[in-house]
2 protein chains.
Amino acid sequence: MTDLEGQAQHVTRGAGIRAGQERGPGAPAGQRTIRRHNRGLVLSQIAAAPGQTRVQIAGATGLTRATISALVDDLIASNLVIERRPAPARGRPACPLHLNPDGPAAIGIEIKVDRTSACVLDLTGVVRDRRTIDVDNSASTPKAGLRRSCQLASALAASVRLPVAGIALAVPGLVSADGQVFETPNLPGWNGADLRRLLAGMTGRDSVTVDNEANLAALAERWYGIRSTDFIYVSGDVGVGGGVVFGGELFRGVRGFAGEIGHVQVDPAGPVCGCGNRGCLEQVAGKAALLQSAAAADEDELCRHARAGSRRALAALTRAAGALAVAVSAALNIADLPMVVLGGLYARLGEWLAEPLAAQLSLRVVSRAPVEVRVSDLGTEAAMIGAAGCVIRHILASAD
Amino acid sequence: MTDLEGQAQHVTRGAGIRAGQERGPGAPAGQRTIRRHNRGLVLSQIAAAPGQTRVQIAGATGLTRATISALVDDLIASNLVIERRPAPARGRPACPLHLNPDGPAAIGIEIKVDRTSACVLDLTGVVRDRRTIDVDNSASTPKAGLRRSCQLASALAASVRLPVAGIALAVPGLVSADGQVFETPNLPGWNGADLRRLLAGMTGRDSVTVDNEANLAALAERWYGIRSTDFIYVSGDVGVGGGVVFGGELFRGVRGFAGEIGHVQVDPAGPVCGCGNRGCLEQVAGKAALLQSAAAADEDELCRHARAGSRRALAALTRAAGALAVAVSAALNIADLPMVVLGGLYARLGEWLAEPLAAQLSLRVVSRAPVEVRVSDLGTEAAMIGAAGCVIRHILASAD
């Protein structure tokens, strides 16, 4: 994502390259590079502030109006940009430019232990359709699980009638920088499977994105949700996932495994975890532990009990907030981030978790620097939106 | 440090700017920029690989031999570079170039709770002299403490007879990005003091560097010690400090407070910490806890007991290694770093701590990605060397 992010940040006044400034070796290659750079620049400009006119974009990029017009015409012909009707005005009317909601779209899929979900995201970042099937992926082979995902994706693509430019997959496991899944503690049959190759084969696409669900959910928050540049995202489900966004980019660490807050130890006397340790956050504040200590059959019942003021449910939530505070404060003491975003099940339980978590963090973060606790609006859809978002960001960054 | 680091990394083949490539607005300013860039480039080249000849540097930088010669002559005249005698050879002899060990030097000072230390570091990274005085800084005002430090620095500077280009200070507290000390739990009288202004006033210098001791020690490891690009540094003393180096640079977080591993909770039932929480790493594996649980009066006695096989001392060290493993694995699960560097007291106890720590980490880091545990050679001098190193890096990066 680094490159894509970098591209988006190039949208600064006067960032356009004029032909005379090009330092490339041969003129034809140089011209192509310039054109590609400037197209990307104009597209990012339209994405960042929809509704600008050609004249405004010329002013913002430092490119000539003639260059802008040629590039915009190209982008319209490529189906990426549309011109809306201008507001009535005296003189020559100027049409506001927007990303084309009916242009290339992306499919994001999320594999969970007990269900598979998919969505279609359009160029403008709107989810155009979504579907979920209940299925026991932990009892499936990766091949069977992916085949079902592809069928779901095909059905979705047919329903929205948008050209699908790419597909990306979120999985509940540690994914290395080269797309190999290394550890899927909650989908043991999927350990080590080359999901990127399998999915590319099934979809007939050269390259597909496969990434950890919490990383993708954090990116969805960065691009379409909270939109902050620095935060730790923590999402509850069967496992507890995390993603760190720093300086506007996903912080992946050296090998791609950063953000694994679910396996920070919060209680040395706690229950044994799937990872082999004891008292990991996931064991103390994951879905199973929460439901059990609240004596609730499922999330709906937990919410009902909490809303009805059940002492047992509220005590379970307070305990979970305390465990979250231990792990999150460890992350914040080490990485100094000003914001925590609660996602997944924790977003749904935000009204009970956010306040005690914030109170505990103000005591546990040693710098005493303020920390804001936010509740995700993307909820359980964040990972698949982030997956599809990777495809959309790639289209916007590399349009040519 | 980001800029300085960046400068050093510019040392790649063909990184020199030739005059025709300069895009600056006016020729004179452009020429100065080019010259400055190229001087820095040549200097970094000599620093990175001492002993190169002018011809070799021309080859590595892509600059002409005439340009290199002019720049090297300048650097020699500025006292930054020296030419050594060439090895006997046929043909025209080429002189190997080195940083000048008798050129501008830096003074690094470290304020600890119970002593103040200072060293003189020369351009080549060699400590030319060092002194320590035992003094109760926690009972001093910042002004009195700094005045003593300055006297120590002056005595040192007089003894080595090198031109002192700058001075920098390491303190055991949280220092914000703008040099204000916010929290010095072990030096309560120093909380909130503007040490940068005070020290600048006492030394008559416009700007001085003041930073957290563990951050500076981590930088010393990066530049003069372990020299790896990605690691977490953890040092034991009265407090437990930490610094994260990622991609060759110190990771400071959003407000400058990253790396505070000493306040990661490792035992919810542990003793109350100066920060107000319970069971922080510092309380369980800091100097006081270690000496007490080993029934040793000081570090020397602890080492003697451990070497003699005292069960109590060895059990205390095993307990400390276990506590370190909880906090360090939290850091590694969140930041995915491949190396831990033990510093300060932990370096001295490395023969007992490193192995059990490595064994525990291999179980606690959920990605199962390998983690190397290294013991610092800089030991308790790391922070003052890092402080002085900031000055040296600045000289090397901005020579003009």
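**Close-ups of a predicted two-chain model**

**View 1. The open sheet of chain B.** In chain B, five strands line up as an open sheet with mixed pairing, in the order S5-S4-S3-S6-S9. At the edges are strand S5 (127-134) and strand S9 (209-212) of chain B; each has a single partner strand, so one side of each is left without a neighbour in the sheet. Going from one strand to the next, the twist averages 15°. Keep in mind for this and every other view that the model is predicted.

**View 2. Inside the chain B sheet, and the helices on it.** Here we look at strand S3 (residues 105-111) and strand S6 (residues 164-171) of chain B, which run parallel and are joined by six bridges. To find your place, pick out Ile107(B): its bridge partner in S6(B) is Ile167(B). Helix H5 (residues 142-160) of chain B packs on the sheet, where it touches S3, strand S4 (115-121), S5 and S6 of chain B. The direction of H5 makes about 35° with that of S4(B). Helix H6 (residues 195-203) of chain B lies across S6 and S9 of chain B, and runs at about 145° to S6(B).

**View 3. The sheet in chain A.** Chain A has an open sheet of five strands too, ordered S5-S4-S3-S6-S9 and mixed in its pairing. Strand S5 (127-134) and strand S9 (209-212) of chain A are the edge strands, pairing on one side only. The average twist from one strand to the next is 15°. Strand S3 (residues 105-111) and strand S6 (residues 164-171) of chain A run parallel, with six bridges between them. A handy landmark is Ala106(A), which sits opposite Gly166(A) in S6(A). Across S6 and S9 of chain A lies helix H6 (residues 195-203) of chain A, at about 145° to S6(A).

**View 4. Two helices crossing in chain A.** Helix H3 (residues 54-61) and helix H4 (residues 65-77) of chain A have axes that come within 9 Å and cross at roughly 120°. The crossing of H3(A) past H4(A) is right-handed. On the H3(A) side, the residues to look for are Arg54(A), Val55(A), Ile57(A) and Ala58(A); they meet Arg65(A), Ile68(A), Ser69(A) and Val72(A) in H4(A). Sorted by class, this contact has five nonpolar, one polar and two charged residues.

**View 5. Where the chains meet.** At the interface, 38 residues of chain A are in contact with 38 residues of chain B. Strand S8 (181-183), helix H11 (311-335) and helix H13 (350-364) of chain A each put at least two residues into the side that touches chain B. H11(A) gives the most, with six residues. The chain A side splits into 20 nonpolar, nine polar and nine charged residues. The copies meet through the same surface, because 100% of the interface residues of chain A are also interface residues in chain B. For the complex, the predictor gives an ipTM of 0.88 and a pTM of 0.89.

**View 6. Confidence along chain A.** The average pLDDT of chain A is 89, and 90% of its residues score at least 70. Among the elements of chain A, strand S14 (residues 372-375) has the highest mean pLDDT (98) and helix H1 (residues 2-9) the lowest (31).

Note on methods
Residues numbered from 1 in each chain as written. Chains lettered and ligands numbered in written order. Predicted model: local features only at pLDDT ≥ 70, side-chain atom pairs only at ≥ 80, totals over all residues. pLDDT = per-residue confidence, 0-100. Helix = DSSP H or I, 4+ residues; strand = E, 2+ residues; numbered from the N terminus. Contact = placed C-beta atoms within 7 Å. Nonpolar A, V, L, I, M, F, W, Y, C, P; charged D, E, K, R; others polar. Axes fitted to C-alpha atoms, helices over the stretch in contact; angles between N-to-C directions. Left-handed = near helix turned anticlockwise from the far one by under 90°. Pairing = 2+ DSSP bridges.
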